[in-house]
Amino acid sequence: RSGAGPCRQGVLALIGMLDDGNTNSADYRNAFTALVGTCGPVAKSKAALKPAGAAQCRKLAGYMLDEIESNRMNGRAFVEVRDTFAQECAPN
């Protein structure tokens with residue numbers, strides 16, 4: 001299921017896991033997959049980006065949450081942050 005509600009819940013789950021340092025778990029992998037599936041299609045990167053650290057991933061997730069809560073989920077800023085998060089914060 002897609003939309004602002006499920007996407008918001010996915011972002012909140014990932015924020016909690018990032019805050020707890022729980023990024024190498026099956027729960028993080030499942031939440032990441034759900035987020036990518038509910039927050040819209042992710043553009044394929046032309047160049048491989050290096051993985052971001054937990055602090056940067058947490059910042060990106062916070063930006064996504066801000067955009068969702070401001071009803072700008074369909075805006076360019078959200079799409080760019082979502083794509084960056086998907087590319088740089090994928091589970092190992």
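**Entry 1: disulfides**

I began with the cysteines and counted 2 disulfides, taking a disulfide as a pair of cysteine sulfur atoms within 2.5 Å. Before going on, I noted that this is a predicted model, in which local features need pLDDT of at least 70 and side-chain atom pairs count only at pLDDT 80 or more, while totals for chains, interfaces and linings use all residues. I also noted that residues are numbered from 1 along each chain as its sequence is written, and that side-chain values use heavy atoms, with hydrogens and water left out.

I looked at C7 and C39, which form a disulfide with their sulfur atoms 1.8 Å apart. C7 lies in helix α1 and C39 in the loop between α2 and α3, so this pair ties together parts that are 32 residues apart in sequence. I took the helices as DSSP runs (H or I, at least four residues; strands would be E, at least two), numbered from the N terminus. The link of C7 and C39 is right-handed, with 110° about the S-S bond.

I then checked burial, where buried means under 20% relative accessible area, exposed over 50% and partly exposed in between (1.4 Å probe, protein chains only). C7 is buried at a relative accessible area of 0%, and C39 counts as buried at 3%.

The other bond I looked up joins C57 to C89, with an S to S distance of 2.1 Å. C57 sits in helix α3 and C89 in the segment after α4, 32 residues apart, and the pair links distant parts of the chain. The torsion about the S-S bond of C57 and C89 is about -105°, so I wrote this disulfide down as left-handed. Both C57 and C89 are buried. With the bonded cysteines numbered in sequence order, I get the pairing 1-2, 3-4.

**Entry 2: confidence**

I checked pLDDT, the predictor's confidence in each residue from 0 to 100. The chain averages 86, and 90% of the residues score at least 70. Confidence is lowest in α2, at a mean of 89, and highest in α3, at 94. A reminder to myself: where pLDDT is low, the predicted coordinates should not be read in detail.

**Entry 3: the core**

Which residues have the most contacts inside the largest nonpolar core? I found V11, Y28, M64 and F85, in a core of 23 residues. Each of α1, α2, α3 and α4 supplies at least two residues of this core. The rule I used takes buried Ala, Val, Leu, Ile, Met, Phe, Trp, Tyr and Cys residues joined through side-chain atoms within 4.5 Å. In soluble globular proteins, nonpolar side chains tend to be buried together.

I picked M64 first, which is in helix α3 and counts as buried at 1% relative accessibility. Leaving out residues up to four places away in sequence, M64 touches V11, L35, F78, V81, R82 and F85, where contact means heavy atoms within 4.5 Å. I also took a C-alpha to C-alpha distance: M64 and L12 are 9.8 Å apart in space and 52 residues apart in sequence.

Next came Y28, which is in helix α2 and buried, with a relative accessible area of 2%. The C-alpha atoms of Y28 and E88 are separated by 14 Å, and the two are 60 residues apart along the chain.

I counted 2 aromatic pairs in the structure, pairing rings of Phe, Tyr and Trp (its six-membered ring) if their centres lie within 6.5 Å; planes under 30 degrees apart count as stacked, over 60 as edge-to-face and the rest as tilted. Y28, F32 and F85 form one aromatic cluster.

**Entry 4: loops**

Between α1 (4-20) and α2 (26-38) I stopped at S25. Is S25 buried or exposed? S25 is buried, with a relative accessible area of 16%. The S25 side chain makes a polar contact with the side chain of N22 at 2.9 Å. For a polar contact I required a pair of N or O atoms within 3.5 Å; within protein, one must be able to donate a hydrogen and the other to accept it, and residues adjacent in sequence count only if both atoms are side-chain atoms.

G21 also lies in the loop between α1 and α2, and counts as exposed at 56% relative accessibility.

My last stop was N71, in the loop between α3 (54-69) and α4 (76-88). N71 is exposed, with a relative accessible area of 73%. Its phi is near 55°, a positive value in a residue other than glycine.
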